[in-house]
Amino acid sequence: MENGEEMKIVVAITGASGIIYGVRLLKELKEHETYLIISKEAKKLLKHETNYSMDALKEMATEFYNEDEIESKLASGSFPCDAMVVAPCSLKTLSAIANGFAFNLITRAAICCLKEGKKLIVVPRETPLDLITLENMVKLRQAGAVILAAMPAFYIKPSSVEDLIDFIVGKIMDQLGIEHELYERWK
Ligand SMILES: Cc1cc2nc3c(=O)[nH]c(=O)nc-3n(C[C@H](O)[C@H](O)[C@H](O)COP(=O)(O)O)c2cc1C
């Protein structure tokens with residue numbers, strides 16, 4: 001993918017803490033085509049953790065889908081997206097993807113990315129991690145996904161929570177191969 005070229009990216013937001021990562025990512029991808037899928041639990045956390053409304057969130061994406069819209073074009077391997085990001089990714093959704101359990105549009109679209117050899121980035125947020133989850137992460141990595149744990153760094157000398165959020169979103173942008181100025185690289 002050439003830098004500056006418009007990309008088609010599926011962004012899924014699930015019910016893990018850190019809904020703001022998904023919101024910030026959508027904002028950063030405003031020059032690209034974004035297909036937003038949000039889970040029922042994520043809707044509750046959006047309200048609990050942020051001041052954004054569902055309407056505001058929908059406005060940020062090119063197209064919006066609920067998790068039960070399993071008959072939509074995103075559920076097919078023929079959907080020509082360049083990549084998919086699940087941010088944040090709950091351990092439930094991570095487990096479902098790792099085990100091929102396509103119970104909703106998010107997991108189905110993610111499994112389609114894997115089967116079509118497209119980039120899939122999952123951003124889990126949980127600690128400590130149980131053995132089952134660690135094994136699921138290994139499975140997903142072996143299947144080709146990028147496990148981008150929501151672990152902000154402090155070498156950037158953050159002065160705000162926004163700096164910590166931007167660091168993680170910057171790491172996602174790095175994986176997508178899109179230029180950004182979200183964090184200063186170590187020199
Ligand atoms: C306040 C709150 C915070 C949560 N934080 C996390 C979390 O950080 N990571 C996680 O894996 N699950 C977390 N959960 C649990 C998930 O929301 C739950 O497993 C849910 O079924 C995930 O569904 P989804 O993947 O379909 O969105 C949280 C739940 C609540 C109510």
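Helices here are DSSP runs of H or I with at least four residues, numbered from the N terminus. The model is predicted: local features need pLDDT of at least 70, side-chain atom pairs count only at pLDDT 80 or more, and totals for chains, interfaces and linings use all residues. Residues are numbered from 1 along each chain as its sequence is written, and side-chain values use heavy atoms, with hydrogens and water left out.

An N or O atom in the side chain of Ser 90 is 2.5 Å from a ligand oxygen. A polar side-chain atom of Lys 92 lies 3.2 Å from an oxygen atom of the ligand. At Arg 125, a polar backbone atom is 2.9 Å from a ligand nitrogen. Taken alone, the ligand exposes 650 Å², and the protein buries 69% of that (Shrake-Rupley method, 1.4 Å probe).

His 180 lies in the segment after α7 (161–176). His 180 counts as buried because its relative accessibility is 15%, and buried means under 20%. Its side chain makes a polar contact (N or O atoms within 3.5 Å, one able to donate a hydrogen and the other to accept it) with the side chain of Asp 174, at 2.7 Å. A polar atom of the His 180 side chain also lies 3.0 Å from the backbone nitrogen of Leu 182.

Notes: Helices (H or I, at least four residues) and strands (E, at least two) are DSSP runs, numbered from the N terminus. Buried means under 20% relative accessible area, exposed over 50%, partly exposed in between (1.4 Å probe, protein chains only).
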